[in-house]
Amino acid sequence: VSAKLTGAYGEKGWKGKIVQLSGNDTIGAWRLEMPADLYISDRKFSLSNLLLVGGDKETVEVNTRIDINPLNGFINIEWAGINLARSNQWLHSMNFYGSTSGKMKIEWMTGNMSYISVSADASGIFEVYEHRMEARKAALSIDWNSKGLSALLDIQMKEQGKIKGEI
């Protein structure tokens with residue numbers, strides 16, 4: 001991983017930009033598409049417009065603002081076309097092949113987590129030891145807020161049928 005930041009430390013914190021961020025893994029290279037705004041202090045962290053691109057139209061975009069005391073803020077992450085095999089270097093006895101797209105949002109208000117939302121789609125192959133499963137399409141949806149938790153998992157397997165779960 002290679003990174004370059006520009007900015008300055010002021011009276012209240014460090015404000016600047018991530019102007020270069022890149023790396024390589026077993027699948028290939030990834031890089032920062034454009035400079036991203038960054039602010040760090042003892043009371044706040046924010047990151048705006050961090051857009052990473054790689055491989056065959058892979059994208060990850062991150063926007064976050066977190067105020068420390070009391071805890072307030074959000075984390076937004078959106079991804080598209082991510083090659084699942086990028087995760088294999090950290091997994092033992094299992095492998096993923098295929099792609100995923102989705103988004104995640106977490107919000108805090110006055111020190112309490114107030115909202116989590118995740119929606120993701122994937123397709124591909126999952127291998128654990130000698131077992132292999134191929135999903136034509138997998139969809140996950142999670143919403144957790146003051147009204148409670150709801151989650152839905154729907155996997156359409158190529159040969160083994162369907163898996164559905166709901167909370």
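A few questions and answers follow.

Q: What kind of model is this?
A: It's a predicted model, where local features need pLDDT of at least 70, side-chain atom pairs count only at pLDDT 80 or more, and totals for chains, interfaces and linings use all residues. Residues are numbered from 1 along each chain as its sequence is written, and side-chain values use heavy atoms, with hydrogens and water left out.

Q: Ok, where is Glu127?
A: Glu127 sits in strand S9, residues 112-128. Strands (E, at least two residues) are DSSP runs, numbered from the N terminus.

Q: And what does Glu127 touch?
A: Leaving out residues up to four places away in sequence, Glu127 touches Ser93, Met94, Asn95, Tyr97 and Arg132. Contact means heavy atoms within 4.5 Å.

Q: Which side chain has a polar contact with the one of Glu127?
A: That of Arg132, at 2.9 Å. A polar contact is a pair of N or O atoms within 3.5 Å; within protein, one must be able to donate a hydrogen and the other to accept it, and residues adjacent in sequence count only if both atoms are side-chain atoms.

Q: New topic: where is Tyr129?
A: Tyr129 is in the loop between S9 and strand S10 (131-145). Its phi is near 50°, a positive value in a residue other than glycine.

Q: Is Tyr129 buried or exposed?
A: Tyr129 counts as exposed because its relative accessibility is 63%. Buried means under 20% relative accessible area, exposed over 50%, partly exposed in between (1.4 Å probe, protein chains only).

Q: What about the peptide bond from Asn69 to Pro70?
A: That one is cis, with omega near 0°. Pro70 lies in the loop between strand S6 (58-67) and strand S7 (72-83).

Note on methods
Helix = DSSP H or I, 4+ residues; strand = E, 2+ residues; numbered from the N terminus.
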